[in-house]
Amino acid sequence: MPTGPMQITDSTLKSVSQAVRMTSSDEIACDECFDSMDRFAEANLTGLDAATALPLVARHLAMCPDCGEEFEALLTALTAMVRPRPRFRFWRR
Ligand SMILES: [Zn+2]
């Protein structure tokens with residue numbers, strides 16, 4: 001019969017504190033990066049300083065090759081869509 005509600009081990013504590021650090025620091029995860037990626041690309045395409053507007057995304061893209069690749073592909077696709085027809089939804093003027 002179990003004596004306590006839950007065994008708290010060192011590794012449990014470690015992963016919990018890691019998770020807290022991940023969410024409370026300025027690091028974001030790939031899925032968060034992906035969620036903001038279109039806004040980041042939009043800022044880029046409209047001439048805004050995307051890295052200042054979305055520093056966490058910029059930082060993640062710089063250190064995550066997977067997202068960096070994804071972003072480059074997105075940017076290429078958006079550029080091709082936006083340039084010839086500036087009525088695309090990313091255009092807000
Ligand atoms: Zn990533």
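**Figure 1. Overview of the chain in the predicted model.** Read along the sequence, this chain follows the pattern α-α-α-α-α, and the model shown here is a predicted one. The chain holds five helices and zero strands. Of its 93 residues, 24% count as buried, while the chain as a whole exposes about 7,100 Å², of which carbon and sulfur atoms supply 58%. Among the contacts in the chain with a separation of 6 or more, 65% are accounted for by residues 24 or more positions apart, and several of the views below show such pairs of residues in detail.

Figure 2. The zinc ion is coordinated by the SG atom of Cys30, the NE2 atom of His60, and the SG atoms of Cys64 and Cys67, at 2.0 to 2.3 Å. The angles that the four donor atoms subtend around the zinc ion are 104 to 113°, which makes the arrangement tetrahedral. For comparison, the ideal angle for four tetrahedral donors at a metal is 109.5 degrees. Along the sequence, the donor residues of the zinc ion follow the spacing C-x29-H-x3-C-x2-C. Cysteine 30 lies in helix 2 and histidine 60 lies in helix 4 (residues 55–63), so this pair ties together parts that are 30 residues apart in sequence.

Figure 3. Is histidine 60 buried or exposed? Histidine 60 is buried, because its relative accessible area is 5%, a value that falls under the 20% cut-off for that label. Cysteine 30, by contrast, has a relative accessible area of 39% and is therefore partly exposed, since that label covers values between the 20% and 50% cut-offs. When residues up to four places away in sequence are not counted, histidine 60 touches Ile28, Ala29, Cys30, Cys33 and Cys67.

**Figure 4. Isoleucine 28 in the loop between helix 1 and helix 2.** Isoleucine 28 is found in the loop between helix 1 (10–24) and helix 2, and with a relative accessible area of 10% this residue is buried. Not counting residues up to four places away in sequence, isoleucine 28 touches Cys33, Leu56, Val57 and His60. With one of these residues, valine 57, the C-alpha separation is 7.5 Å, although isoleucine 28 and valine 57 are 29 residues apart along the chain.

**Figure 5. The largest nonpolar core.** In soluble globular proteins, nonpolar side chains tend to be buried together. The largest nonpolar core of this chain has 16 residues, of which Cys33, Met37, Phe40, Val57, Leu61, Cys67 and Phe71 touch the most other members. Helix 2, helix 4 and helix 5 are the elements that give two or more residues to this core, and the largest share, six residues, comes from helix 2. Methionine 37, one of the members named above, touches Leu61, Cys67, Glu70, Phe71 and Leu74, if residues up to four places away in sequence are not counted.

**Figure 6. Leucine 61 within helix 4.** Leucine 61 has its place in helix 4, and this residue is buried, with a relative accessible area of 12%. Which residues is leucine 61 in contact with, leaving aside its neighbours within four places in sequence? They are Cys33, Met37, Phe40, Cys67, Gly68 and Phe71. From C-alpha to C-alpha, leucine 61 and cysteine 30 are 9.0 Å apart in space, while in sequence they are 31 residues apart.

**Figure 7. The aromatic pair.** A pair of aromatic rings is described by the distance of the centres and the angle of the planes. The structure holds one aromatic pair. The rings of phenylalanine 40 and phenylalanine 71 have centres 5.1 Å apart and planes at 65°, so the pair is edge-to-face, given that planes over 60 degrees apart count as such. This pair links distant parts of the chain, with phenylalanine 40 in helix 2 (residues 30–45) and phenylalanine 71 in helix 5 (residues 65–82), 31 residues apart. Phenylalanine 40 and phenylalanine 71 are both buried.

Methods. Residues numbered from 1 in each chain as written. Predicted model: local features only at pLDDT ≥ 70, side-chain atom pairs only at ≥ 80, totals over all residues. Heavy atoms only, no water. Phe/Tyr/Trp six-rings, centres within 6.5 Å; stacked < 30°, edge-to-face > 60°. Helix = DSSP H or I, 4+ residues; strand = E, 2+ residues; numbered from the N terminus. Buried < 20%, exposed > 50% of the residue type's maximum accessible area, 1.4 Å probe, protein only. Donors = N, O, S within 2.8 Å, 3.2 Å for Na, K, Ca; no water. Tetrahedral: all angles 85-135°; square planar, octahedral: opposite > 155°, others 65-115°. Contact = heavy atoms within 4.5 Å. Areas by Shrake-Rupley, 256 points an atom, 1.4 Å probe, with all protein chains shown as cover. Core = buried A, V, L, I, M, F, W, Y, C linked by side-chain atoms within 4.5 Å.
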